[in-house]
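Hi everyone, thanks for coming. Please take a look at the sequence and the model on the screen, and I'll walk you through them.

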Amino acid sequence: MKKNNSVLLSTPYLIWMVAFTLIPLCVVGFYALTDPATGKFTFDNLKNLDAYLPVFWQSVAYSVVSAFICLLMGYPVAYFIAHQKPVAQKFLYMLVMLPMCMSFLLRTLAWVGLLQDTGIINTFLGRLGIGPISMIRTPGAVVLGMVYNYLPYMILPLYSTLVKIDHRLVEAAEDLGCNGAKVFSKVIFPLSLPGIVTGITMVFVPAVSTFYISQKLGGTETVLIGDVIERQFKQGNNPNLGAALSLVLMLLVFVCTGIMNRFAGDDEEGGVIV
Amino acid sequence: MSKELIRLQNLTMEFDGERILDGINLYINDHEFLTLLGPSGCGKSTTLRIIGGFLTPTDGNVLFDGERINDVPAYRRQINTVFQRYALFPHLDVYDNIAFGLRVAKVPKDEIHERVTRMLEVVSLRGYENRKINALSGGQQQRVAIARALVNEPKVLLLDEPLGALDLRLRKDMQNELKRIQQATGITFIYVTHDQEEALSMSDTIVVMNKGRIQQIGKPEDIYNEPKNAFVADFIGESNILDGVMLSDYRVRFFGKTFPCVDKGFEPSEPVDVVIRPEDIDIVPPAEGSLTGTVASVTFKGLNYDIIVEVKGFKWLIQTTDFHPVGAVIGIRLNPEDIHIMHKSEYSGQFGDYSSYSAEYDELTEDAGDEEE
């Protein structure tokens with residue numbers, strides 16, 4: 001009876017998943033393995049991949065750098081929030097969430113307005129007699145865009161892991177001779193690892209496949225794999241190559257998250273496996 | 001006997017204007033098993049946390065070996081704690097939990113291995129080295145917590161209601177085990193509990209606390225036999241507490257009769273509290289008793305019957321192995337050594353009348369149920 005209910009209740013989403021995840025995935029697979037002209041089965045699309053290898057690495061490098069900057073910036077914030085009184089925690093949590101209420105596209109466009117040569121920052125610097133400093137269309141701007149957009153995804157899982165750490169464990173560590181730094185390295189940090197892994201995954205995955213941030217804030221040397229894939233569909237008119245690149249990107253993400261989760265240990269509590 | 005190790009001088013603790021500890025003065029000897037006993041909220045855990053270094057007292061001093069340690073952080077005190085609900089590290093296995101303190105202290109690896117292995121034997125957990133903490137039963141976690149603290153060979157071990165989460169049988173076993181470990185190692189134990197039986201059976205010294213104050217300090221026998229006030233008499237075991245007047249040395253009057261007793265040194269005609277333990281009362285035929293009463297209720301307790309006897313409107317609790325039916329008229333005989341006289345205190349009149357026997361019983365179990373933070 002109970003089992004029937006749960007099947008019944010999950011049916012809508014199961015249909016949704018089949019229609020919008022499973023079938024499209026098959027379509028991507030199909031396109032990736034067929035010839036654009038003849039429609040016949042082929043591995044040719046995948047053969048051309050080594051030409052795109054540098055772009056793949058560039059995407060991974062940008063995402064990894066962004067994820068670690070997010071971690072370095074987000075950890076202290078999450079730690080701070082987790083150690084406030086409950087009311088203050090709610091307020092600060094809301095502040096972290098707040099930018100996510102606004103469209104991702106708008107927020108990225110706003111950075112264009114801030115960073116461009118005639119933008120707000122350079123206008124201000126100009127008044128002070130400095131600059132203009134060219135900030136837009138640099139690798140730094142792309143990383144900034146990624147960090148800015150995905151930082152909340154780092155802070156929230158870290159916060160929820162840190163807030164759950166039993167304070168008595170901290171006292172137990174102090175009791176056994178740990179000063180502040182050792183309490184952190186021997187107890188708090190290892191116990192927050194699941195949150196760190198989730199945070200890095202949640203920053204890395206969207207960052208590695210983004211194209212909007214690199215298009216708006218980046219230049220010619222900051223082309224990411226997301227841009228390349230988008231171009232295959234919109235301009236290059238080679239959806240088969242685009243599908244093949246997407247497939248490889250997906251595999252890459254799977255491998256990366258798999259390594260991360262292994263690194264954290266499989267049965268740790270607190271983190272969300274993405 | 002042994003030398004003094006810890007001294008608490010006029011310790012006061014306030015949280016948000018509320019006074020949790022109110023002038024605690026206490027010294028603790030080396031190698032002693034001392035128990036802080038009292039109901040929840042009496043300040044016993046707070047006292048322990050101050051000694052452990054997790055709280056700084058609002059006022060007063062904590063002395064360790066004669067040195068003031070108020071501001072010495074927990075990690076620099078030669079004191080280890082067995083926490084309420086253990087606080088074991090969930091990311092480490094049994095071995096690593098026990099080795100934690102030694103590794104922090106940078107003890108050589110071989111020595112760590114030797115000491116952890118020895119400690120695993122002491123707490124009978126050989127073979128559990130690589131178990132995850134979450135895969136252990138409550139009793140096993142308890143023993144890991146004790147091993148984790150003891151392996152550091154501290155001068156003092158603090159135990160904060162360590163057996164509270166265990167079932168009765170396991171608790172009895174662990175009580176014996178803890179007492180054995182304490183005697184074998186000679187480490188000073190400061191033990192917090194609300195369980196009077198536990199305190200009586202394990203301790204060298206019991207400190208009875210209530211409302212942030214020490215009510216009485218003494219050996220278990222003294223606390224039980226010579227309670228200082230109605231609170232102690234009621235909290236440690238069961239007691240009938242009556243209003244009386246001390247006529248002169250060795251003569252006390254209550255219920256309109258004069259009884260011989262063994263106490264002296266009170267003012268002539270001083271109003272006093274008279275404590276009579278339920279197990280000390282002899283039930284005799286009505287004609288032979290100094291008081292007579294009617295049985296109001298009988299409860300079978302296994303070892304004995306708890307019977308409530310009404311004597312001139314006051315309800316007595318009597319523990320007896322003989323059955324007396326409800327309604328029976330019985331005589332009560334009191335021997336001089338069974339009558340304990342106490343000065344009147346702020347607790348006079350609050351305890352010791354069994355008119356609302358069941359209600360009081362409920363209150364006691366409720367007290368035992370919730371844990372003190």
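I'll start with chain A, move on to the cores, and finish with chain B.

First, some housekeeping: this is a predicted model, where local features need pLDDT of at least 70, side-chain atom pairs count only at pLDDT 80 or more, and totals for chains, interfaces and linings use all residues. Residues are numbered from 1 along each chain as its sequence is written, chains are lettered from A and ligands numbered from 1 in the order in which they are written, and side-chain values use heavy atoms, with hydrogens and water left out.

So, what is the secondary structure of chain A? It comes to twelve helices and zero strands. By helices I mean DSSP runs of H or I with at least four residues, and by strands runs of E with at least two, numbered from the N terminus. The C-alpha trace of chain A spans about 75 × 70 × 35 Å along its principal axes. Of the 274 residues in chain A, 39% are buried; that means under 20% relative accessible area, with exposed being over 50% and partly exposed in between, using a 1.4 Å probe and protein chains only. Now for contacts, meaning heavy atoms within 4.5 Å. Among those in chain A between residues at least 6 apart in sequence, 70% join residues at least 24 apart.

One helix to point out here is α11 of chain A, residues 225-234, which is mostly covered, with seven of its ten residues buried. Among them are A:Ile225, A:Asp227 and A:Glu230.

Next, the cores. A nonpolar core is a set of buried Ala, Val, Leu, Ile, Met, Phe, Trp, Tyr and Cys residues joined through side-chain atoms within 4.5 Å. The largest one has 54 residues, and those with the most contacts inside it are A:Met146, A:Leu217, B:Phe89 and B:Phe100. Elements giving two or more residues to this core include α3 (53-82) and α9 (180-208) of chain A, as well as α2 (94-104) of chain B. The largest share, 13 residues, comes from α7(A). Apart from this core lies another, of 36 residues, including B:Ile98 and B:Leu178.

Let's zoom in on A:Met146. Leaving out residues up to four places away in sequence, A:Met146 touches A:Tyr62, A:Ser63, A:Ser66, A:Leu151, A:Ala207, A:Thr210, A:Ile213 and A:Leu224.

Over to chain B, which has an open sheet of four strands in the order β2-β1-β4-β5, with antiparallel pairing. Why do β2 (18-29) and β5 (67-68) of chain B each have one side left without a neighbour in the sheet? They stand at the edges, so each has a single partner strand. Pairing here takes at least two bridges found by DSSP. Strand β1 of chain B, residues 4-15, pairs with β2(B) over nine bridges, and B:Ile6 stands opposite B:Ile28 in β2(B).

There's also a hairpin: β12(B) and β13(B), with two residues between them. Four bridges join these antiparallel strands, and B:Arg253 has B:Thr258 in β13(B) as its bridge partner. In the turn, B:Phe255 has a positive phi of about 50°.

Last stop: B:Gln142, in helix α4 (residues 138-150) of chain B. Is B:Gln142 buried or exposed? B:Gln142 counts as buried, because its relative accessibility is 0%. Among the residues B:Gln142 touches are B:Val82, B:Tyr86 and B:Met174.
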